[in-house]
Amino acid sequence: MSNSTAAATELKLLSVVIPARDEEGCIASTVEHLHVELRLQNVPHEIVVVDDGSADTTWTMLESLKAHIPSLRPVQNPGPHGFGRAVAGGLDHMSGDDVVVMMADESDDCRDVVRYWNKLNEGYDCVFGSRFMRAGGVIDYPKIKLFLNRLANAFLRMLFRIKLNDTTNAFKAYRKKVIDGCRPLLAAHFNITVELPLKAIVRGYSWTTIPITWRNRRTGEAKLKIKEMGSRYLFICLYVWLEKYLSCGDYRRIEEDRASKAGAVTPAAGQGVRLP
């Protein structure tokens, strides 16, 4: 991994953005477990949960949780709705200097959030979790979704010439400057899960990958509808691909910023690859 962290900027507050729609069966346990883990590990944090037009009691539960979890910041998205819009709304309301985007259904392990925080503090701009590298794993992944996931990620690896093998996973971490540098965000739905990491890579931010674990939700219904997302994913992927090859570097991070961080992170082989 990194062999030089002397110039890394120390982070002061972690924001965790959680989009939620009709998650009354799990939102309380997700927030509570996350808060306990971050508090035990002494991670200064805020939890920004964006209620994306829930028709159940999700918002009422969030308001109740706020009474005993002071770091919780519930936000309502009045519409239009969509996973990407909810994530973007959470990013607009965050106060931290870094952020982890996390699912509301407890499929993501809150212990991995702490690992993201520690890794960002080594100086990386982004930390991407992979469920499909050594020490990573999935539990109860539906077979058809697993097949389509591996197919889509293989396509992205070839299209962008990157080693990241879990681009489509939403559970990732970024410094705030990366989020600002990737705006405007275009994806209104689950395709934001590929827009953010691909833009960050193409625009020249440093990154690394860590193994993470994923468990299929135990309550509620999955919000990702595969048949509705194919063209949306393809649009975002081609948009960023065109930026990479046709924009002449107009959107890459400015050279002054890169020079100021020189020596902050030296990624290991296969990690933190900056595309030409």
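1. Buried means under 20% relative accessible area, exposed over 50%, and partly exposed in between, with a 1.4 Å probe and protein chains only. By that cut-off Ser71 is buried, at a relative accessible area of 12%. Ser71 sits in the loop between α2 and β3. The side chains of Ser71 and His35 are joined by a polar contact of 3.2 Å. (A polar contact is a pair of N or O atoms within 3.5 Å; within protein, one must be able to donate a hydrogen and the other to accept it, and residues adjacent in sequence count only if both atoms are side-chain atoms.)

2. Ground rules. This is a predicted model, where local features need pLDDT of at least 70 and side-chain atom pairs count only at pLDDT 80 or more, while totals for chains, interfaces and linings use all residues. Residues are numbered from 1 along each chain as its sequence is written, and side-chain values use heavy atoms, leaving out hydrogens and water.

3. The β-α-β unit. β2 (residues 45-51), helix α2 (residues 58-65) and β3 form a right-handed β-α-β unit. (Right-handed: with the strands pointing away from the viewer, the path from the first strand over the helix to the second runs clockwise. Helices, H or I of at least four residues, and strands, E of at least two, are DSSP runs numbered from the N terminus.) β2 and β3 (residues 72-76) run parallel, joined by 5 bridges; pairing takes at least two DSSP bridges. Asp51 stands opposite Gln76 in β3.

4. The cavity. A search of the whole structure gives 1 cavity of 30 Å³ or more. (A cavity is a set of points on a 1 Å grid over the protein atoms alone where a 1.4 Å probe fits but cannot get out; lining residues have an atom within 4 Å of a point.) The largest cavity holds about 60 Å³; volume is the space filled by probe spheres set on the points, which are joined across faces, edges and corners. Its lining includes Phe83, Val101, Lys172 and Ile192. α7 gives the most to that lining, with 4 residues.

5. Helix α4. Which residues of α4 are buried? They are Cys110, Asp112, Val113, Val114, Tyr116, Trp117, Lys119 and Leu120. With 8 of its 11 residues buried, helix α4 (residues 110-120) is largely enclosed by the rest of the structure.

6. Asn153. This residue lies in helix α5 (residues 143-160). Asn153 is buried, with a relative accessible area of 0%. Asn153 and Leu164 are 11 residues apart in sequence and 8.3 Å apart in space, C-alpha to C-alpha.

Technical notes:
On a 1 Å grid over the protein atoms alone, a cavity is a set of points where a 1.4 Å probe fits but cannot get out, and a pocket is an open set with protein on both sides within 12 Å along at least five of seven lines; lining residues have an atom within 4 Å of a point.
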